[in-house]
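I opened a new page for this one and went through it piece by piece. Here is what I looked up, in the order I looked it up.

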Amino acid sequence: MKYTSLKGIQDILPPDIYIWQTIELKARELFGVYGFKEIRLPIIEYSDIFIRSIGETTDIVEKEMYAFADKSGRSITMRPEGTAPAVRCYVEHHLYNLPPPQKFFYSGPMFRYERPQRGRFRQFYQIGVEAFGISQPSIDAEIIVMLNNFLERIGLKGLNFELNCIGCEKCRPDYRDALMNFFKHKLLYFCPDCQRRYVSNPLRILDCKVEKCIELRRGSPVVTGYLCNECRSHFNELISILKALKIPYILTPDLVRGLDYYTKTAFEVTSEYLGAQKAVAAGGRYDRLVEDFGGPPTHAIGFAVGMERVVTLLKEVQSRKYPSPTLFIATIGREAELEGLRIAEDIRARGFWVEPNYGGVSLRSQLRKADRIGAEFAFIIGSDELRSGKIKWKELKNGKQGEVEIDNATKVLSNNIESPDP
Ligand code: ATP
Ligand code: MG
């Protein structure tokens, strides 16, 4: 019997994993200096948490949730995103009692039953941040700047930062009416999904990726024409901060998000190189969600980065090479093998990656192996070396070689390369 992983669910292996680890490390470092602390959220939650926040008439809730009944019959969902669980956590632990802002980041797998294709998986990973408790646009700007820095620091260039303001519960109804008016006469030509959306959630039509619908919605009213004073001045202030900080952005008035909880600021970072699934990161404000979850009125904003898409882009520009061992220890005979293991322990304790000989093969094939695994150095220990207390060393890329006393063996490595753990 041969098993495979589920459709749309993939293993992540070396050398790719090295890119993943580098991204995660840089996120941790950078988000830390902006005051974002890590939280680890559960992978499963009560389904209601997602239904109520993301919205019953969104694609995620209507067709993409991995929901099941647990043994007691309660409906459980494998998280499709991280914001709703973060808000649940914030309210459950009364984190609103701590001085604002409370800033968090998380990373881990999300699950959506989508049609698998390039850039779209059923299990995919996000790194996300959420900042609670600040209404001023300066925090919108801060997380946008941070996201920009992050993407730049991991080596991504040429991304588009698309920005919009999608209004609040005061001004959105007017916009919704205007949209419905515009679509009313051409409704029959839209895809069946959009016809359904017209009734349940007309803003969603703006997010439809069907070519015909994109064409049909050309010239539709834009949300920025319907903003209330508060939303408008928030947006203008955000833009003026971004200008002052010289952060590039593209005003995108038809940008809406796939989740209902967003208010005011919404943004998406896209890349032309990704084809149809072009968003690498997305986020926005959700000023009502904490209250909806039973907390006090609390402003909040966040974003999530789609790891697979970032990795795809990075693989275009970076080598996928996993780091290689610093040292291979070739040994001849049992006594030398034991000495080799002892030296390996000693050198590993100093932070170098050492591969030993696991026994039984000729010196020639050991050295061939050292080359194949890309080791920088080889040590050679045989009975002569044991007797003299000196081992032979060889720098594999240039053939340089010499002898060194066993007790000084690490000096060979550290004279040439810096120890990763000084
Ligand atoms: P899309 O429009 O591409 O479906 P979305 O609006 O559903 O994205 P969000 O819920 O905002 O996406 O998630 C944030 C980011 O997570 C996206 O920009 C994308 O990079 C990534 N993402 C979302 N769904 C998937 C998926 N099924 N597979 C891989 N990455 C995904
Ligand atoms: Mg989606």
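**Ground rules.** I am working with a predicted model, where local features need pLDDT of at least 70 and side-chain atom pairs count only at pLDDT 80 or more, while totals for chains, interfaces and linings use all residues. Residues are numbered from 1 along each chain as its sequence is written, chains are lettered from A and ligands numbered from 1 in the order in which they are written, and side-chain values use heavy atoms, with hydrogens and water left out.

**Ligand 1, who is around it.** I started with the shell, taking a residue as near if one of its heavy atoms lies within 4 Å. I found 17 residues around ligand 1, and the closest are R112, E114, R120, R257 and A279. I then sorted the shell by type and got 8 nonpolar, 3 polar and 6 charged residues. For that sorting, Ala, Val, Leu, Ile, Met, Phe, Trp, Tyr, Cys and Pro are nonpolar, Asp, Glu, Lys and Arg are charged, and the others, Gly among them, are polar.

Which strands each supply at least two residues of this shell? They are strand 6 (123-132), strand 10 (279-285) and strand 11 (300-306). Strand 10 gives the most, with 4 residues. My strands are DSSP runs of E, at least two residues long, and my helices are runs of H or I, at least four long, all numbered from the N terminus.

I looked for pairs of N or O atoms within 3.5 Å. The side chain of R112 has an N or O atom 2.6 Å from an oxygen of ligand 1. In the side chain of E114, an N or O atom sits 2.6 Å from a nitrogen of ligand 1. R309 also turned up, with a polar side-chain atom 3.0 Å from a ligand oxygen. I checked cover next: ligand 1 alone exposes 580 Å², and the protein buries 93% of that. Those areas come from the Shrake-Rupley method with a 1.4 Å probe.

I noted an open sheet of 3 strands in the order 2-4-3, with antiparallel pairing. Two strands count as paired if DSSP finds at least two bridges between them. Strand 2 (44-46) and strand 3 (66-69) are the edges, each pairing on one side only. Strand 3 and strand 4 (residues 75-78) run antiparallel and are joined by 4 bridges. I picked out A67, whose bridge partner in strand 4 is T77.

I then traced an open sheet of 5 strands with the order 13-12-14-15-16 and mixed pairing. Strand 13 (354-356) and strand 16 (401-405) each have a single partner strand, so one side of each has no neighbour in the sheet. Strand 15 (residues 390-395) pairs with strand 16 in the antiparallel sense over 5 bridges. There, I391 stands opposite V404 of strand 16.

As a reminder to myself, most residues other than glycine have a negative phi, and most peptide bonds are trans. Which bonds did I mark as cis? One joins P14 and P15, with omega about 5°. P15 is in the segment before helix 1 (16-33). Another cis bond goes from P100 to P101, with omega near 0°. I placed P101 in the loop between helix 4 (83-92) and strand 5 (102-111). Finally, K246 is not a glycine but has a positive phi, near 60°. K246 lies in the loop between helix 9 (229-244) and strand 8 (250-251).

Conventions:
Polar contact = N/O pair within 3.5 Å; in protein donor to acceptor, adjacent residues only side chain to side chain.
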